[in-house]
Amino acid sequence: MIELKGSRFTQILPYNLSSQTQTRALAYAIGRQVDKLLVLADRMVIWAGLDQVPEQLLDYLAAELRTPAYSADYPVETKRTLVRQSLLFYATMGTPGAVDRLIQTIFGSGQIEEWYQYGGEPHHFRAAIGASRVTIGPAELDAFRRVLSSVKRLSSWLDSIATITPMESRPVRVAAAPCGSYARTTLPPVFVLIPTVVQLAAAPGGTITTTTLPRIKEGQDA
């Protein structure tokens, strides 16, 4: 089987015809025009070839489909995902799943929490959004509220928005210096028999340990 793209009709002709200069020139000219038609045909496959669609065309598709929460300022991959899920958003609009999907598409991570999950009032919810894809500031939060109002139920009310910022974890080490330290242990005053022998020892590096004995009142046995 010969692929149409990049092929020449001389490939299916016998040698006595394909070897002629006029035939090869005609095959090249026709092949160039066929390649141009194939490029135009690929551009017509928009929905199936959404991963290869130019960014400008994504903006047109979003306007035609009225894609919820779409913005021309989003990264191109976020635009593709929003356009691809336009019909799914409309099919599930008003459900917590639709809101979660929207948050994860735009911000990379996050979800909503229903009122009964955190002890709030009925028909209320709160949202947690990540900050892995876009920088979250006051303007982004205002935009998120507008976006949220387009997909949530009209009877639901937003209580709060929590932003989750990933931070690199670093180990914290705490160590005591091996020299020059001083430790003191004070025993509480108790009326018990206390041994009279006290041992003092210097720890390695000059550490001094002192044990303070409670006072023993007169008339008590030592």
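Before you click anything, here is one cut-off to keep handy: a residue counts as buried under 20% relative accessible area, as exposed over 50%, and as partly exposed in between. Also keep in mind that this is a predicted model.

**Stop 1: the whole chain.** Show everything as a cartoon. You'll find eight helices and six strands. Starting at the N terminus, the elements go α-α-α-α-α-α-β-α-β-α-β-β-β-β. Of the 222 residues, 24% are buried.

**Stop 2: charged pairs.** Side chains of opposite charge can pair when their charged atoms come close. How many salt bridges does a search of the whole structure find? The search turns up six. Let's visit some of them.

**Stop 3: D59 and K79.** Select these two and show their side chains. They meet in a salt bridge, with 3.3 Å from N to O. The pair links distant parts of the chain: D59 belongs to helix α3 (residues 55-65) and K79 to helix α4 (residues 76-84), 20 residues apart. Is D59 buried, partly exposed or exposed? Its relative accessibility is 27%, so D59 counts as partly exposed, because that value falls between the 20% and 50% cut-offs. K79, at 1% relative accessibility, counts as buried.

**Stop 4: R80 and E77.** Stay in helix α4, where both of these residues lie, three residues apart, or about one turn of the helix. R80 forms a salt bridge with E77, and their closest N and O atoms are 3.7 Å apart. With 10% relative accessibility, R80 counts as buried.

**Stop 5: E113 and R126.** Now move over to the strands. The side chains of E113 and R126 meet in a salt bridge, at 2.8 Å from N to O. E113 is in strand β1 (residues 110-114) and R126 is in strand β2 (residues 124-130), so this pair ties together parts that are 13 residues apart in sequence. How covered are the two partners? E113 is partly exposed, with a relative accessible area of 26%, and R126 is partly exposed too, at 30%.

Stop 6: Select E55, D59 and K79 together. Salt bridges that share partners join these three into one network.

**Last stop: zoom out.** Take in the whole chain again. Among contacts with a separation of 6 or more, 51% are between residues 24 or more positions apart.

Terms used
Residues are numbered from 1 along each chain as its sequence is written. This is a predicted model: local features need pLDDT of at least 70, side-chain atom pairs count only at pLDDT 80 or more; totals for chains, interfaces and linings use all residues. Side-chain values use heavy atoms; hydrogens and water are left out. Helices (H or I, at least four residues) and strands (E, at least two) are DSSP runs, numbered from the N terminus. Buried means under 20% relative accessible area, exposed over 50%, partly exposed in between (1.4 Å probe, protein chains only). Contact means heavy atoms within 4.5 Å. A salt bridge is a side-chain nitrogen of Lys or Arg within 4 Å of a carboxyl oxygen of Asp or Glu.
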